[in-house]
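This briefing is for a reader who is new to protein structures. Please look through the sequence and the model before reading on.

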Amino acid sequence: RLLMESSGWIPCSDQFQITDGFLLKIGLNRLMIERLENRTEDIAGKLQMNNHDWNETFYQLLARSFGFKTNSIPFELMAKLLPQSIPAKHRDNLFQLEALFFGQSGLLYERLFGDDYYLKLREEYRFLAKKYQLNPIPAHLWKFLRMRPVNFPTVRIAQFASLFHHASGLFSQMVESGSLDEIKKMLNVKASVYWDTHYRFGTDAEFLPKHLGEVAANGLIINTLIPVLFVYGDNSGKNFLKDKALEWLDKLPAEQNSVVSGWAKMGIPADSAFETQALIHLKNRYCDLKRCLHCHIGSRLVKRL
């Protein structure tokens, strides 16, 4: 009852300091496995919708992650309306890839004059849309307000096109690669030259090459590549792929967000993405829901109390 009525950041805030460090370490390992297993249902559902096509499923999930929460839904919708087999036919031509992705985003329907790049993109998309019978998503789904310009969906779409252009067969390379550095190198992409001086179509900006960035790349690895690799390993009976996914998590630096900062204030600093993911899962799935009796730490504290 004491824990249930607590108004602290976590129900056991006042008792947490007596938690055994070894118990916490074991608990984080369990939480991380549980977090990845929880993703299995979501990925399995998408896999079934895509007729068990791993490449298509991975493509859609990766697109969703490129939206970085704020624009995850329109990014995923864009990918669903543009099967990866179509951009795959134009992988060697970055401009055509940009025309396809920007066209399907619905962002090529503004009345902009004097921007040659934009007008050429629109013309190219009209040709490709007719060829493949494509229909774009509504442009109003994209959010720009209260976002840093480098995170604008226009910039992210350009980076997504660049990744598709440079990293052929990302899913197969992820499965076959034994090196996290190789994956990071593939994700080290930059938007095309036009975006060096733009954040949106038709509006000039100070010169700044739009690289994906290490933090963003790590986020893609943590939230998409590793869960897909883990589930693929589980479905195919290849446990070494599950081990590789966990190993990559342990090698990636700790994430920085409000939940991780909260745990640090509680005296639980995180040293890796493995630990931050486990702590995020603990906070969201147990502490916030006051599922103390189901928590390996909370249940021990209840017995002591």
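Which side chain meets that of K80 in a salt bridge? The partner is E76, with N and O 3.9 Å apart. A salt bridge here is a side-chain nitrogen of Lys or Arg within 4 Å of a carboxyl oxygen of Asp or Glu. This is a predicted model, in which local features need pLDDT of at least 70 and side-chain atom pairs count only at pLDDT 80 or more, while totals for chains, interfaces and linings use all residues. Residues are numbered from 1 along each chain as its sequence is written, and side-chain values use heavy atoms, with hydrogens and water left out.

**Overall layout**

- The protein chain has 14 helices and two strands; helices (H or I, at least four residues) and strands (E, at least two) are DSSP runs, numbered from the N terminus.
- The C-alpha trace of the protein chain spans about 70 × 40 × 30 Å along its principal axes.
- Of its 305 residues, 53% count as buried; buried means under 20% relative accessible area, exposed over 50%, and partly exposed in between, with a 1.4 Å probe and protein chains only.
- Among contacts in the protein chain with a separation of 6 or more, 64% are between residues 24 or more positions apart; a contact means heavy atoms within 4.5 Å.

**Salt bridges**

- Side chains of opposite charge can pair when their charged atoms come close.
- The structure holds eight salt bridges.
- K80 and E76 both belong to helix α3 (residues 72-80), where they are four residues apart, about one turn of the helix.
- K80 is partly exposed, at a relative accessible area of 37%, whereas E76 is buried, at 6%.
- K80 and E76 also belong to a network of salt bridges that links them with D42, K46 and R64.
- Another salt bridge joins D196 to K190, with the closest N and O atoms 3.1 Å apart; D196 is buried at 8% relative accessibility, and K190 is partly exposed at 25%.
- K242 pairs with D234 in a salt bridge, with the closest N and O atoms 3.2 Å apart; K242 is buried at 17% relative accessibility, and D234 is partly exposed at 39%.

**Nonpolar core**

- The largest nonpolar core has 99 residues; such a core is a set of buried Ala, Val, Leu, Ile, Met, Phe, Trp, Tyr and Cys residues joined through side-chain atoms within 4.5 Å.
- The residues with the most contacts inside this core are L62, F101, F102, M174, L187, F201 and W263.
- Helix α10 (residues 214-235) gives the most to this core, with 12 residues.

**A pair of helices**

- The axes of helix α12 (residues 258-265) and helix α13 (residues 273-287) come within 9 Å and cross at roughly 90°; axes are lines fitted to C-alpha atoms, for helices over the stretch in contact, and angles run from 0 to 180 degrees between N-to-C directions.
- This makes α12 roughly perpendicular to α13, a term for angles of 65 to 115 degrees.
- The contact is made by V259, V260 and W263 of α12 with T276, L279, I280, L282, K283 and C287 of α13.

**A buried serine**

- S162 lies in helix α7 (residues 153-166) and is buried, at 1% relative accessibility.
- Not counting residues up to four places away in sequence, S162 touches L94, V189 and K190.

Terms used. Angles under 35 degrees count as roughly parallel, over 145 as roughly antiparallel, 65 to 115 as roughly perpendicular and the rest as oblique.
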